[in-house]
Amino acid sequence: MPGLADPHFAGSVIYLFEHTERGAMGLVVNQPTELKLAELFEKVELQLAIAPLLNQPVYCGGPVQIERGFVLHAPITEGIYSSSLVIPNGLTMTTSKDVLEDLAQGNGPQQFLMTLGYAGWDAGQLEEEITLNDWINVPLSQAQMIEILFNTAPSERYERTMAHLGFDLSALSGEAGHA
C-alpha cells in the first residue's frame, strides 16, 4: 500500500511465488542494488562475458537470506533447471547454479532478474498484514508481468503495477475499515 512505512518494503513491488497454509514467499522486483551481475558471477566463480548482461543490476529480493540467490525469469520452453518453481500462468523462479551457468554462456532465459534474498511471511502473517491495510494484491496476466518486470525501468514498476488496479491511488486511505 502507498502508506507502508517499513523501510524494507515501502514502495516495493513483490512477485509472490508461493502462498500456502505454511506461509508466503516473494521477491522484491523494483529495488536494484549497486552490485552488478559481472561482480556476482565472479563471486560464484563463473565468467560472464555477455556484454549486455555485465552491468545489469542484482536486486534486493528481500531481507531474508540475503546471501541466497534467486533468478526470476520468463517461462522457458526447452530444458529445465534442477531447482525451479514454475508458477502456473506466471513466471519461473530458479535457485540452482545451473541457470547461472547457462546465463554465463548466453544460453539462459532471455528475460530474467537476479535477486539476493527474499521476502517471507509465516502462516497467516501475510493475510493479517493485508487486513491491516499494509499490502494490496494486483492480479496480473503473464504478459502484464513480463512487460512490467522486463520492459519497465525499476523506478517505474510500482506505478505501472498499481495502474492495473484501475483507480487513482491518492483515493486510498491509510486506515483499514472493518465491518
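How many positive and how many negative side chains does the chain have, and how far apart do the centres of the two sets lie?

## Charge and basis of the model

The chain carries 7 positive and 22 negative side chains, and the centres of these two sets lie 7 Å apart. Lys and Arg count as positive and Asp and Glu as negative, while His and the chain ends are not counted; each charge is placed at NZ of Lys, CZ of Arg, CG of Asp or CD of Glu.

This is a predicted model, in which local features need pLDDT of at least 70 and side-chain atom pairs count only at pLDDT 80 or more, whereas totals for chains, interfaces and linings use all residues. Residues are numbered from 1 along each chain as its sequence is written, and side-chain values use heavy atoms, with hydrogens and water left out.

## Fold and dimensions

Six helices and eight strands are found in the chain, where helices (H or I, at least four residues) and strands (E, at least two) are DSSP runs numbered from the N terminus. Their order from the N terminus is β-β-β-α-α-β-β-β-β-α-β-α-α-α.

Along the principal axes, the C-alpha atoms fill a box of roughly 55 × 30 × 30 Å.

## Nonpolar cores

Buried residues (under 20% relative accessible area, with exposed meaning over 50% and partly exposed in between, for a 1.4 Å probe and protein chains only) make up 39% of the 179 residues. A nonpolar core is a set of buried Ala, Val, Leu, Ile, Met, Phe, Trp, Tyr and Cys residues joined through side-chain atoms within 4.5 Å. The largest one has 22 residues, and those with the most contacts inside it are Tyr-15, Leu-27, Val-29, Leu-72, Leu-91 and Leu-149. Among the elements that give two or more residues to this core are strand 1 (14-20), strand 5 (64-73) and helix 5 (142-151), and helix 5 supplies the largest share, four residues.

Leu-72 has contacts (heavy atoms within 4.5 Å) with residues including Tyr-15, Leu-27, Leu-91 and Leu-149, not counting residues up to four places away in sequence. A second, separate core of 16 residues includes Phe-41, Leu-46, Leu-100 and Phe-112.

## An exposed loop residue

Arg-22 sits in the loop between strand 1 and strand 2 and is exposed, with a relative accessible area of 62%. Arg-22 touches Trp-121, Asp-122 and Ala-123, leaving aside residues up to four places away in sequence.
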